[in-house]
Amino acid sequence: MTAEKPEENQAAKTPSDQPDETARREFIAKAVSVFAGGAIVSVPIGVGVATLLGPAFKEGQGGIKIRLAALEDLPGDGSPKLYQVVAERKDAWTKYPQKPIGSVFLQKLEDGGVIAFNSSCPHAGCSVGFKSKEVGYYCPCHESIFLLDGSRGDPCVSPRGLDSLEVDKERLNGGEVWVTFQNFAAGIEEKKAI
Ligand code: FES
């Protein structure tokens with residue numbers, strides 16, 4: 001009697017395989033979201049570069065102030081415009097390569113003010129896209145709608161609306177749009193900086 005040979009391509013799953021698999025699935029979901037978000041967003045994309053002085057970029061330290069646009073660059077009809085936030089790090093001797101750390105939707109209001117939203121979905125961190133002024137924002141990962149003011153629409157599985165970011169009012173009066181960029185914990189009702 002011969003011992004049964006295990007099938008070669010049926011590797012046994014160990015518990016340690018599962019986190020990798022979960023991470024892989026989350027990565028794919030986010031990649032799909034970025035792709036699908038790109039298909040939805042028909043807004044132009046700008047880039048704001050923050051220069052960070054010091055040894056490292058640390059999140060959860062009150063955010064970073066960054067200039068994203070001139071006020072006149074934003075659409076006058078209230079449609080949002082998406083800005084990628086790129087951080088460039090410098091210390092006394094070295095300038096490190098730029099690294100994207102997130103993106104922000106800017107919307108000009110009728111009264112001349114500006115509102116800013118972090119484009120990361122508060123449900124699980126996928127990239128939110130802009131659909132239309134009538135519908136608002138849309139997250140393709142779990143089909144959630146956010147209204148133009150950032151609040152939860154219908155349907156929406158996110159525990160809170162889009163995360164607004166602080167806009168510097170003084171600089172806005174001078175025609176410049178500066179925001180305090182920050183990321184927030186996903187999946188909870190509370191807006192908690194990370
Ligand atoms: S990540 Fe946006 S709805 Fe789930």
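**Reading the fold**

Modeller: From the N terminus on, the elements of the chain run α-β-β-β-β-β-β-β-β-β-α-β. Helices (H or I, at least four residues) and strands (E, at least two) are DSSP runs, numbered from the N terminus. Here they come to two helices and ten strands. Two ground rules: residues are numbered from 1 along each chain as its sequence is written. And this is a predicted model, where local features need pLDDT of at least 70, side-chain atom pairs count only at pLDDT 80 or more, and totals for chains, interfaces and linings use all residues.

Biologist: What share of the 194 residues is buried?

Modeller: A residue is buried if 20 or more other C-beta atoms lie within 10 Å of its own, exposed if 12 or fewer, and partly exposed in between, with C-beta atoms placed from the backbone. In this chain, buried residues make up 25% of the 194.

Biologist: Which residues have the most contacts inside the largest nonpolar core?

Modeller: A nonpolar core is a set of buried Ala, Val, Leu, Ile, Met, Phe, Trp, Tyr and Cys residues joined through C-beta atoms within 7 Å. The largest one has 28 residues, and L68, V104, L106 and V179 have the most contacts inside it. Two or more residues each come from β2, β3, β4, β5, β7 and β10. Of these, β10 gives the most, with four residues.

Biologist: Let's take L106. What is it in contact with, leaving aside neighbours within four places in sequence?

Modeller: Two residues are in contact if their C-beta atoms, placed from the backbone, lie within 7 Å. The partners of L106 include L68, L74, Y83, V114 and V177.

Biologist: And which strands make up the open sheet of three?

Modeller: Two strands pair if DSSP finds at least two bridges between them. The order of this sheet is β6-β7-β8, with antiparallel pairing. Its edge strands, β6 (129–132) and β8 (144–146), each pair on one side only. Three bridges join β7 to β8, and C139 stands opposite S144 in β8.

Biologist: Where is V157, then?

Modeller: Look in the loop between β8 and β9 (164–167). V157 counts as partly exposed because it has 13 C-beta neighbours inside 10 Å. Beyond its neighbours within four places in sequence, V157 is in contact with H123, H142 and S144. E143 is 14 residues away from V157 in sequence, and their C-alpha atoms are 8.0 Å apart in space.
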